[in-house]
Amino acid sequence: MEMSFSPQQLAFRDEVRAFLAQALTPRLRHGAALTSGVFAEPDIARAWQAILEAKGWLVYHWPETAGGPGWTPLQRWIFEKECAQAGAPVLPGMGLKLLGPVLYTFGSAAQKAFYLPRLRSAEHVWAQGFSEPGSGSDLASLRTRAERDGDHYIVNGHKIWTTQAQHANRLFALVRTDPAVKPQAGISFLMIDMALPGVTVRPILSASGDHELNEVFLDTVRVPVADRIGEEGQGWTIAKFLLENERGGTAFAPQLLADLVRLQGETGPLRGELAERALRLRLEAEALEITELRTLAEIEAGEAPGPRSVITKLIASEIRQGIEVLAVDAFGMAGLQWPEERPFYDAGVPAPFHSATAQVAAARYLNARAWSIFGGTSEIQLAIIARAALGL
Amino acid sequence: MRFAPNDDQAMVLDMVARFLAARTDPATMAAGPMPAQDWSALGELGLFGFLLPEAAGGMGGAPQDVMLVAEAFGRSLAITPLAEGVVICGHLLGAAASSSRGDQLLAGIAQGTLTLAFARGGMISDKGLTGHLGLVRDGMAAEAFLVAAEDGGVALLAADDPRLHRRPVRLVDGSLAADLRCDAAGAALLEVPEGQVAAALALGQLAIVAEMVGAMATLLDLTVDYVKQRRQFGQAIASFQVIQHRCARLYVMLEQARSMMLRAALAPEGERQASVAAARAYAGEAALRLAEEAVQFHGGMGVTDELAVGRGLRRVLLLSRLFGGPCAARAELAA
């Protein structure tokens, strides 16, 4: 047993650290620090994506055969840890983290050749069309229909909670291609050009004041059959693969620990109950960090990850929410500011009371409520843990 | 980065697990301290030598060895002097300047034929050690005491010293402690290098954390088996979502506590004490909550003295509260 990094891994860490120190401009750091939503806003995200792509590290989590840098699981973790500690923007994951692995795993040669480079260059900005008004946790009940018409599908339906769809030009979606078979078996996975006639995006404003979410209406949209990934009816298999990446593909703990440290840098030393809460959050996040490393070490050793790999999203949601409510409490009245202007780093936002971090605290708190809902609610996570880890 | 035991460790663990399983009734687990003949049989198998440092005539004693063995003991809910009598006392003696008495004691520890107890408190003067040292685990069975005195010195006391007074006090897990008073008891001072007392203490506390994690695993196993088999309203109670979700929570607590334990065992030496304190703070709370839930899921049977869960709760209550428990550990981290 050993928990240390090899000299090569430490050298790699130093290389990443040096790169970040130089590549993260003050504007990028500032934008990342004052982001109230889950992902960086387009102006920040595009700039950071271009820098990473130029360095060859954008798709650091993809295998070499798909164009990744060929890093081991631990190298990826080191990169994520360094990014979190340096305060790098969190890039939207819909394309890079979710669709990318689906494309290189299930896509045809033609799909890979066309879509992967455009995903990396941000020519294509992706949104995820899974949930529907009547299909949240019970995703397999989705009703968006795709009927075959020659070389096209005619798609009709209504997607919801579509993060950053207002900035996207492509949508990947689960659609029902066969209503006659059992729900899971009748689902297919389509890539939809959002410029096509019949695609309408309507904003949903969050209680946090952010505009991250949208509804997407699909009204007789003609999607080429060539833009289906995998076989007809294979959509559910692909969706499960994608959701596993969404829940466990990235280490959560480094970002949580870094945010907790940064928060206490802004608030100054906490006392009494606040100090105890901060300590408990730190311990939970440190435990999560090792829990995540245990799974990575298994993967690195070529073993199948144990059932514990399914617990991380649940824990991370709770720590995230704990940190954000701690921030509100620690800032007192200053933590209750709620300017309407977004993003918070924009010149149009009124001067903050106390500090810019305090000004964003309430919005972040509200936004973080979504953590225990997206990507499978905490209740769904508990059901998965009970089944996968305990056989219940 | 590797969290799995190596082949040698796996062999020792296998040996310990089989030894303990053969002597434990899984339905009730241990009702009292492990019999002396079982303890010395483990000594003959070389287990305690595995936990002692080379300087103490042992062949291991690395934090990860201590953790692995202690976790196996915790799984069986065995009541033994492992953490203090073997780990703390053995490592203190190993750190001290060699003496014939010390070597004799270490040999006894390694063979499992001699019980030592560890106490804190009292003042050392040229007349000996004086003070009320409180409740000392295994203090009645001990033939000698190692005492970390208030002034920082470490003293070795013979239990049969007439100026050493002990009164038996039963503890909640069924073990027997001594209420220990010394009135200028003859104390041989051990020369322990600075920092080594704290290091030995941290190692013993790591063993206690690992015992808790082992006990958590057993209590969760028992609970999951029970809810699958217990039927109410015409179905196994495991089919109820509220039971499934709460069991899933217990699994999360166990794995997170195990992660804290692993970090404490594998951390670089300079970070060991802080990571042991963190593990005590985390596992101490998680273990007691898990044990309480195990009792809850067993319903009326859970609060009886007839099942392993009730005994597990008592054992975990004790283990989690030693050395001040999670509150003291959090205070240590905040300092």
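Domain 2 and domain 3 of chain B have C-alpha centres that lie 31 Å apart. This distance comes from a predicted model. The domain assignment of chain B places domain 2 at residues 116–190 and domain 3 at residues 204–334, with domain 1 at residues 7–111.

**Chain B overall**
- Chain B contains 12 helices and 10 strands.
- For 335 residues, a compact globule would have a radius of gyration near 20 Å, and the 20 Å of chain B agrees with that.
- The C-alpha trace of chain B spans about 75 × 45 × 45 Å along its principal axes.
- Of the 335 residues in chain B, 56% are buried.
- Among the contacts in chain B with a separation of 6 or more, 71% are between residues 24 or more positions apart.

**Chain A overall**
- Chain A contains 12 helices and 8 strands.
- Its radius of gyration is 21 Å, close to the 21 Å that the globule rule gives for 392 residues, so chain A is as compact as a globular protein of that length.
- Taken along the principal axes, the C-alpha atoms of chain A fill a box of roughly 65 × 50 × 45 Å.
- Buried residues account for 45% of the 392 residues in chain A.
- In chain A, 71% of the contacts with a separation of 6 or more are between residues 24 or more positions apart.

**Contact between the chains**
- On the chain B side, 29 residues are in contact with 30 residues of chain A.
- Helix H8 (241–266), helix H9 (269–297) and helix H12 (325–334) of chain B are the elements that give two or more residues to the side touching chain A.
- H8(B) gives the most to that side, with 13 residues.
- By class, the side of chain B that touches chain A holds 19 nonpolar, 6 polar and 4 charged residues.

**An open sheet in chain B**
- In chain B, 4 strands form an open sheet in the order S2-S3-S7-S6, with antiparallel pairing.
- Strand S2 (123–125) and strand S6 (164–170) of chain B are at the edges; each has a single partner strand, so one side of each is left without a neighbour in the sheet.
- From one strand to the next, the twist averages 15°.
- Strands of a sheet pair through backbone hydrogen bonds, and the pairing is either parallel or antiparallel.
- Strand S3 (residues 128–137) and strand S7 (residues 176–185) of chain B run antiparallel and are joined by 7 bridges.
- B:Leu129 has B:Ala185 as its bridge partner in S7(B).

**B:Glu271**
- B:Glu271 lies in helix H9 of chain B, one of the helices that give two or more residues to the side of chain B touching chain A.
- B:Glu271 counts as partly exposed because it has 13 C-beta neighbours inside 10 Å.
- From C-alpha to C-alpha, B:Glu271 and B:Gly214 are 23 Å apart in space, and they are 57 residues apart in sequence.

Terms used. Residues are numbered from 1 along each chain as its sequence is written. Chains are lettered from A and ligands numbered from 1 in the order in which they are written. This is a predicted model: local features need pLDDT of at least 70, side-chain atom pairs count only at pLDDT 80 or more; totals for chains, interfaces and linings use all residues. Two strands pair if DSSP finds at least two bridges between them. Axes are lines fitted to C-alpha atoms, for helices over the stretch in contact, and angles run from 0 to 180 degrees between N-to-C directions. Two residues are in contact if their C-beta atoms, placed from the backbone, lie within 7 Å. Ala, Val, Leu, Ile, Met, Phe, Trp, Tyr, Cys and Pro count as nonpolar, Asp, Glu, Lys and Arg as charged, and the others, Gly among them, as polar. Domain bounds come from an automatic or database domain assignment. The radius of gyration is taken over C-alpha atoms; the globule rule is 2.2 Å times the number of residues to the power 0.38. A residue is buried if 20 or more other C-beta atoms lie within 10 Å of its own, exposed if 12 or fewer, and partly exposed in between; C-beta atoms are placed from the backbone.
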